Amino acid sequence: DVCYDNFMILAVFSALTTLQSGSICPRDAFGVPQIKAGTVAAAFRIMGHAVAEDRLWQMELSRRTFRGQLAEILGASAAPSDREILRLGYTDSELQAQVRSMAPEARDAFSAYAEGVNDAIAAMRTDKNLPAGYSQYQFDPKPWTTIDSAAICVGMAKRFGGGGAGEIRNLLAYQYLLGTPAKDRVLDVVDDLLWQNEPRAITTLQPEDDKLGKPKDIFPVLTRDITKKHLAMLPNPGLFELIPGIRLADMEDNRAIAMSQNVLYKTGSYCIVVDKSRSKSGANLLLSGPQMGHSAPSIAHEVVIDTPDLKVTGISVPGIPAVLVGNTPNFAWGLTTSVADTTDIFFNKYEGDSYIVDGKTIAFKNESRTLRVRDGKEETVNRISTQFGPVVVQSGSTKTAFSMKAAYSGRELSSFAELFTLYRSKTGKEILKEAERLPVGFNLFFATKADIGYAYCGLTPLRSTEMDPRFPIPGSTQFDWKGVVPTARLVKGLNPKYGLFVNWNNKPVDWWPNLDTPAWGELFRNELILKALPAGKIGRDDLVATIREIAKNDDQTLGAFSLPFAAELADNPAAAELRQRLVDFDGRLSDGSVPAATYNILVDELRTAIFQPQIGNFIQPDLFKLAVQPSVMLRAWEGKTHFPFVNLQNREEIIQKVTANTLAKMGAAAYRAGRIRYEGQPVSPVYSNRGTFIQIVQMESQPRAESILGPGEAATGPHSGDQAQMVQDWRFKPMVRW
């Protein structure tokens, strides 16, 4: 169980200058590397070796996924994903520049990690035990580089810490609505579907703990006049010109291929932090559950690092030289996706190879790269950029280029570098101060022995007060960003009066708007956690019971909520049979539940009956469901929308139609919950709406931490599935006791 079995030989032949004699890597009973080293660089060299031993093939797929090189081994099926990366992603020189700009300790860790991975590759070659994928696809692994790690870090930062770029989608929706029966009141419908602020939405920080109040200079009030003036400036490209831009801005092909290859693809995560005043044990508690999907091998990898200068344990992602969620002797922390609008779409007129800004003609920046496909074919992919970022749509009909600009652009790696300073924090105030330096959008939660805290991290643009943030922005000096929100003014909290922080990607504070993405409404899944937690004192077992409960609600956009109007429909005299089917429905989407299946059908029929007569079906069902979210449905049923979707005249008609259609479709089908299926592992199906990795830490005199990472630490061998049954049983293993 020693990572460096042939340490002295490797030291001679690989010149292991950073790995001090005596630095070894034993594994615990579950195969988690227990890295002890004399220096931080030495520890990360061992970490690179250990992760490669466990996950080299996964690392290979990951670096190719995020560098646009996957089709070279998988063939044409991966070419669309590579094309997206090459059109939007950084060049090698740009990635290397970010590596060079990191603080020395982080930069050295990246270099040492790469050396450790290459040590493992060399040892596997010598022992002829490279992962089977290399022989299957008939190629040898190239040396690992810091650029490989940088590409994976950037991919994670954008996928989990980026947000926004929904302006093209919203422009398409607006143009589509102009062709529906609601066209005469289209702005009312826009305000209903793309609402800015729902005062009833659940927030992480309560008003009594908000030290900023409502700063008017961060999010000025949006008026109808501003919207009208903005819309008058917009070009009018065809719908089918915009659709590819939506896919590209969302990196849909890259996300799909990442999911198929078990590399970073899913975003989510929940976190619960309990103050000692509400803790049964009298110690601060933290539970974090990063939701990155469930696969074999896992998306995450667990590690312990112990040096004289740095002690940290938790999870990383194979290929990333950092611990992303975990604990130190002084504090425990978790991260969740912030759903922050940090990216905007700008548009400019263009002529030939140039675009126009403030009346001046500027040449597009054009970087050509080669996309290689397994069958020998090659194609040139151009990354065409304006000063506002890479171009995602060029509308030939209107001669308009739409570009994507991110507030954190060029600074993604600094978020990972800042973690090295975060690890050494000791007090809540120190952690909050360090959180201000993170450029990518995350919710950071922590518990020290004395404090619990929360910070809404990331660079948020200060947008022009003349623009509606829901639509593409004219690319000009007048309407460009005015900087970013000063980090000292971002939302943060320490030791809340309620004694609790709870987050499941919900709204940070009551005055923070949705901007271009209507995510936070009255109905949000965080309500499930709040309902499941005890009203008084909370203990470790209460936290486990809570996340077991929310795991049963695996539909993250609808099934998590027992919509009030469902009961009203079922109580209607015309719906006796439907009422009978729903009588036992408790809001849970439990596997095998007939009421849950009936409920889902009912809600889909309700969405159709209320909205389709006025605004159509948005061309396809998935887009329609995305446009009409549960919170919009609730407001419409309550008569609180700007557009009168539901009124006294059509209410009874809707009930009758929904009842008849639901009864006709429901049959005897039972609800089928999302399941974790670890391929090749002897584990029964379990609910998938849980953390990929779950950590529970009690901040006693020495942190008492436990975790679970299914199905296991390694891709093959005895530790590839030794946690699978524990996942099903909701059991946890002890983490290091510092």
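Is W57 buried or exposed? In this predicted model, W57 counts as buried because its relative accessibility is 19%, and the cut-off for buried is under 20%.

**Aromatic contacts**

There are 24 aromatic pairs in the structure. One of them joins W57 and Y134 edge-to-face, with 5.0 Å from centre to centre and 80 degrees between the planes. This pair links distant parts of the chain: W57 belongs to helix 2 (residues 40-67) and Y134 to helix 7 (residues 132-137), 77 residues apart. Elsewhere, F44, F331, W333, F420 and Y423 come together in one aromatic cluster.

| Charged residue | Ring | Distance to ring centre |
|---|---|---|
| K158 | Y90 | 4.8 Å |
| R690 | W730 | 4.0 Å |

The largest cavity has a volume of about 250 Å³. Its lining counts 21 residues, and M156, L324, V325, L335 and F442 are the ones nearest the centre. Helix 8 (146-161), strand 7 (331-337), helix 14 (412-422) and strand 15 (442-448) each give two or more residues to that lining. By class, the lining of the largest cavity has 16 nonpolar and 5 polar residues, with no charged ones.

The second largest cavity holds about 50 Å³ of space. Around it sit Q58, S62, N262, V263, L264, I299, V317 and P318, a lining of 5 nonpolar, 3 polar and no charged residues.

Key: Residues numbered from 1 in each chain as written. Predicted model: local features only at pLDDT ≥ 70, side-chain atom pairs only at ≥ 80, totals over all residues. Heavy atoms only, no water. 1 Å grid on protein atoms, 1.4 Å probe; cavity = no way out; pocket = protein on both sides within 12 Å on 5 of 7 lines; lining within 4 Å. Points joined across faces, edges and corners; volume = space filled by probe spheres on them. Helix = DSSP H or I, 4+ residues; strand = E, 2+ residues; numbered from the N terminus. Nonpolar A, V, L, I, M, F, W, Y, C, P; charged D, E, K, R; others polar. Phe/Tyr/Trp six-rings, centres within 6.5 Å; stacked < 30°, edge-to-face > 60°. Buried < 20%, exposed > 50% of the residue type's maximum accessible area, 1.4 Å probe, protein only. Lys NZ or Arg CZ within 6 Å of the ring centre and 35° of its normal.
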